[in-house]
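Please read them with the structure open.

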Amino acid sequence: MEAANDSVVRRIGTDVEILGVASDSSGADIEAWIKNVGTYSIGPVNSVDVFLITPGEGYSALLYDPAGLPGTWREYPLGASWERGEVLSLQIVIPQDFSVSAKYHILRVATPNGVVGEATFERW
Amino acid sequence: MSVTLVTILMMGMFLTGFLMLWQNFNLNAVALNDAVRISSQLERERIRTSLHVGNVEVDTENCAIDLEIINSGLEAIAPITGFEVMVSFPGGSNVPRILEHEGGSEGSAVDTWSIKLADPSEAEPSIARPGSSHTIRMGLNLPEPSDTTAFVIVSTPNGVTVGADVTGILTPCSATE
């Protein structure tokens with residue numbers, strides 16, 4: 001019961017805010033900056049789940065990969081922590097089946113304990 | 001006599017168990033209550049926080065951008081050094097980046113930002129009171145040519161953001177140290 005309670009307390013105190021997403025339509029990279037606005041550190045960073053959603057078109061769950069293959073994400077700099085108040089820089093390489101013709105997309109980020117941050121962005 | 005002793009012992013054990021359970025329940029309830037209270041307080045502060053962009057000026061000679069931000073919310077924002085400043089180049093070739101805060105100077109070192117004080121004797125340079133304005137000076141290194149526009153995002157320490165389009169940049173350029 002105490003473990004369940006701790007888990008709930010940590011979830012209540014965990015929060016993220018996507019500050020910005022930069023995505024050039026001519027490139028395969030998406031850059032995102034996400035701030036830990038909760039009261040706990042978040043980690044491990046490679047256990048964060050990242051999703052790219054194109055409304056009405058498709059949905060991609062991205063894998064963590066420090067090498068930066070298509071359909072993956074990594075933190076920058078590699079090995080960065082995500083303490084309270086820190087901004088995590090994400091570098092995403094779009095998957096091969098990503099709908100490049102669509103202009104609007106959604107970036108969804110879930111912390112290891114299931115707290116979700118979401119932002120709509122436009123490819124320039 | 002022995003029956004009475006056993007009864008007292010059993011009641012004592014029952015009472016001890018009950019008290020331990022009650023204490024555990026209370027500690028959990030307090031932890032949960034604290035988490036909800038702090039989370040609500042942070043959310044309330046975020047709701048009351050707002051930024052607006054005022055004047056935007058490009059210093060082409062020094063590859064710098066001056067962005068005036070106005071605290072249009074109901075909360076004082078402190079410290080200003082806790083702001084996050086990010087720059088991207090829509091349709092351009094220069095890489096998007098997050099700028100480091102350059103403390104203690106009004107210079108424009110490469111890929112840093114600082115607060116440009118209108119009056120050096122300002123009483124509270126690191127607090128943005130509601131209604132006050134501050135100018136953020138960004139020094140950039142833009143090696144790729146042909147980018148003339150940028151998009152700047154400024155975030156408060158609690159994650160409230162404001163964005164502004166900046167035009168009139170001349171690239172390639174690099175901020176002077």
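**Notes on the model**

1. Chain B is divided by the domain assignment into domain 1 (1-47) and domain 2 (51-174); the bounds come from an automatic or database domain assignment. The centres of domain 1 of chain B and domain 2 of chain B, taken over C-alpha atoms, are separated by 51 Å.

2. On provenance, this is a predicted model, in which local features need pLDDT of at least 70 and side-chain atom pairs count only at pLDDT 80 or more, while totals for chains, interfaces and linings use all residues. Residues are numbered from 1 along each chain as its sequence is written, and chains are lettered from A and ligands numbered from 1 in the order in which they are written.

3. Helix 1 of chain B covers residues 2-47. Helices (H or I, at least four residues) and strands (E, at least two) are DSSP runs, numbered from the N terminus. At 1.5 Å a residue, the 46 residues of helix 1 of chain B should span 68 Å, and its end C-alpha atoms are 67 Å apart, which agrees. The expected span is 1.5 Å times one less than the number of residues.

4. How many of the 46 residues of helix 1 of chain B are buried? The count is 1, and the helix is hardly covered. A residue is buried if 20 or more other C-beta atoms lie within 10 Å of its own, exposed if 12 or fewer, and partly exposed in between, with C-beta atoms placed from the backbone.

5. The contact between the chains takes 20 residues from chain A and 22 residues from chain B, where two residues are in contact if their C-beta atoms, placed from the backbone, lie within 7 Å. On the side of chain A that touches chain B, the elements giving two or more residues are helix 1 (2-12), strand 1 (16-23), strand 2 (29-36) and strand 6 (87-93) of chain A. Helix 1 of chain A gives the most, with 5 residues. By class, this side of chain A has 9 nonpolar, 6 polar and 5 charged residues. Ala, Val, Leu, Ile, Met, Phe, Trp, Tyr, Cys and Pro count as nonpolar, Asp, Glu, Lys and Arg as charged, and the others, Gly among them, as polar.

6. Chain A has an open sheet of 8 strands in the order 1-2-6-5-4-3-7-8, with mixed pairing. Two strands pair if DSSP finds at least two bridges between them. Strand 1 and strand 8 (116-122) of chain A are the edge strands, each pairing on one side only. From one strand to the next the twist averages 25 degrees; axes are lines fitted to C-alpha atoms, for helices over the stretch in contact, and angles run from 0 to 180 degrees between N-to-C directions.

7. Within that sheet, 7 bridges join strand 1 and strand 2 of chain A in the antiparallel sense, and S23(A) stands opposite I30(A) in strand 2 of chain A. Strand 4 (residues 58-64) and strand 5 (residues 72-76) of chain A pair in the parallel sense over 2 bridges. Strand 5 and strand 6 of chain A run antiparallel and are joined by 5 bridges. T72(A) is the bridge partner of L63(A), and T72(A) also has V93(A) in strand 6 of chain A as a bridge partner.

8. The open sheet of chain B has 8 strands in the order 1-2-6-5-4-3-8-9, with mixed pairing. Strand 1 (51-59) and strand 9 (161-167) of chain B stand at the edges with a single partner strand each, so one side of each is left without a neighbour in the sheet. Neighbouring strands of this sheet are turned by 30 degrees against each other on average, direction ignored. Strand 3 (residues 84-88) and strand 4 (residues 97-101) of chain B pair in the antiparallel sense over 3 bridges; M86(B) has I98(B) as its bridge partner in strand 4 of chain B.

9. One runs from Y76(A) to P77(A), with omega near -5 degrees, and P77(A) lies in the loop between strand 5 and strand 6 of chain A. Another runs from A78(B) to P79(B), with omega near -10 degrees; P79(B) lies in the loop between strand 2 (64-71) and strand 3 of chain B.

10. Where does D111(B) lie? D111(B) is in the loop between strand 4 and strand 5 (112-116) of chain B. Its phi is near 55 degrees, a positive value in a residue other than glycine. D111(B) is partly exposed, with 19 other C-beta atoms within 10 Å.

11. S146(B) also has a positive phi, near 80 degrees, and is a residue other than glycine. S146(B) is found in the loop between strand 7 (141-142) and strand 8 (149-155) of chain B. S146(B) counts as exposed because 12 other C-beta atoms lie within 10 Å.
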